[in-house]
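Biologist: I would like to learn how to read a model such as this one. Please show it and take me through a few features.

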Amino acid sequence: METILRPLIVVGGSVLLTLVIGWATDLLLRKADGRHPETPLWGLLRRARIPYQVMLCAALLRGSYVEAQVFPDHRSAVGRLLTLLLIGSVAWLVIRIAAAVVEASYSRYAHNHAERAPARVRRVRTQVSLIMRVVSAVVGVVAVSSMLLTFPAMRAAGASLLASAGVLGIVAGIAAQSTLSNMFAGFQIAFGDMVRMGDTVVVDGEWGTVEEITLTFLTVRTWDERRITMPVSYFTSKPFENWSRGTPQMTGTVFWHLDHTAPLEAMRERLRDLLRECPAWDGRDYNLTVTDTTANTMQVRALVTAKDADDIWTVRVTVREGMIRWLADEHPYALPRVNTADASLRPSLDGLRRPRRSADGVGRRFPDQPTKSL
């Protein structure tokens, strides 16, 4: 009877005590979250309740499994298994707590600076994301190393591993040269403020928004919802356009090819009316000028402004469509036209070039027939 009750009491007591402590801790976190709505830290810490309970249960079992007298012939193996579980749960808990602290700090910073300095908020977001990845990697490496050191064979081989660490480091550095260069490029991007998450960039002719930055690659979400993934070393070795660098305000252009008789003053007034009706226009500036001319048409350019890259696209398409529709309805003669008159109705070039003799014999260049505009 004792052989059955003892394991039940030890194991059941450990599990029950774990559930009680976990419930009490979660209750305290919920109360703290309700008392401090200005920070999301306490609510984020509740995400760590599962690794917290696993760590408690593993620690209690690791300290009391000997009293249970279960599998006495495999006591060493059971103890090592519980130790590995304890190390893994501690690493999991540390990562969750670090993530909660970092995310809460970033949330408060973004709430206080989102309107005044959006570019700085994106910079901090990029740095926090990369720092969190580094912390997770370091904690994971330490946890795995601690697990390996629980095995006697690994401890015995520690001296030889340390002695050959220099040679292994050189070999690994040569073999992982590309990976290491991308990793250092990721740190350079994070702390050099070259590109940030949420920035609008143009890379290889593709316009999009930076969606994710890791230590080795960067993802750009294009306007048509495609994802372009490229190594971060691209942004440290090749030129690219960053439309969000500095202030996000932008100036855009709209071009039309029109007839020379187009009413420019009326077009300027119409441009003003179109912009006043467009919510995406920020009201800073606008302009309409003739920038080029050809034998048949002239090029008219409108300058418009907006607060960011998304709005400048909306303003440009709205102005382009509205102006073309207005010209087609009110001034159709201003649209470019193609001469489709029959060639037989045009004046003969020979008649224009052949001189006709006058009565005094002096050659004068008169056409055989008068020319008429078609």
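Modeller: Helices (H or I, at least four residues) and strands (E, at least two) are DSSP runs, numbered from the N terminus. The protein chain here has 13 helices and 10 strands. This is a predicted model, where local features need pLDDT of at least 70, side-chain atom pairs count only at pLDDT 80 or more, and totals for chains, interfaces and linings use all residues. Residues are numbered from 1 along each chain as its sequence is written, and side-chain values use heavy atoms, with hydrogens and water left out.

Biologist: What is the mean pLDDT of the protein chain?

Modeller: pLDDT is the predictor's confidence in each residue, from 0 to 100. The chain's mean is 76, and 73% of its residues reach 70 or more. Contact means heavy atoms within 4.5 Å. Over residues 161–165 pLDDT stays under 50, and the model has 0 contacts there beyond four places in sequence. Residues 348–374 also have pLDDT below 50, but that stretch has 22 contacts beyond near neighbours in sequence.

Biologist: Which residues of α12 are buried?

Modeller: Start with the general idea: an α-helix has 3.6 residues a turn, so residues three or four places apart point the same way. Buried means under 20% relative accessible area, exposed over 50%, and partly exposed in between (1.4 Å probe, protein chains only). In α12, the buried residues are A309, D311, I312, V315, V319, G322, M323, W326 and L327. They lie on the same side of α12 because they cover an arc of only 160° around the axis, taken from the directions from the helix axis to the C-beta atoms. W313 and D329 are exposed, on the face turned away from that buried side.

Biologist: What covers the buried residues of α12?

Modeller: The cover includes β6 (250–258), α11 (264–276) and β8 (298–306), among others. At the N-terminal end, D308 caps α12, with a side-chain oxygen 3.4 Å from the backbone nitrogen of D310.

Biologist: Which residues of β6 are on its covered face, and which on its uncovered one?

Modeller: In a regular strand the side chains alternate between the two faces of the sheet. On β6, M250, G252, V254, W256 and L258 form the covered face, while T251, T253, F255 and H257 form the uncovered one.

Biologist: In what sense do β6 and β8 pair?

Modeller: Two strands pair if DSSP finds at least two bridges between them. β6 and β8 pair in the antiparallel sense over 9 bridges; M298 in β8 is the bridge partner of L258.

Technical notes
Polar contact = N/O pair within 3.5 Å; in protein donor to acceptor, adjacent residues only side chain to side chain.
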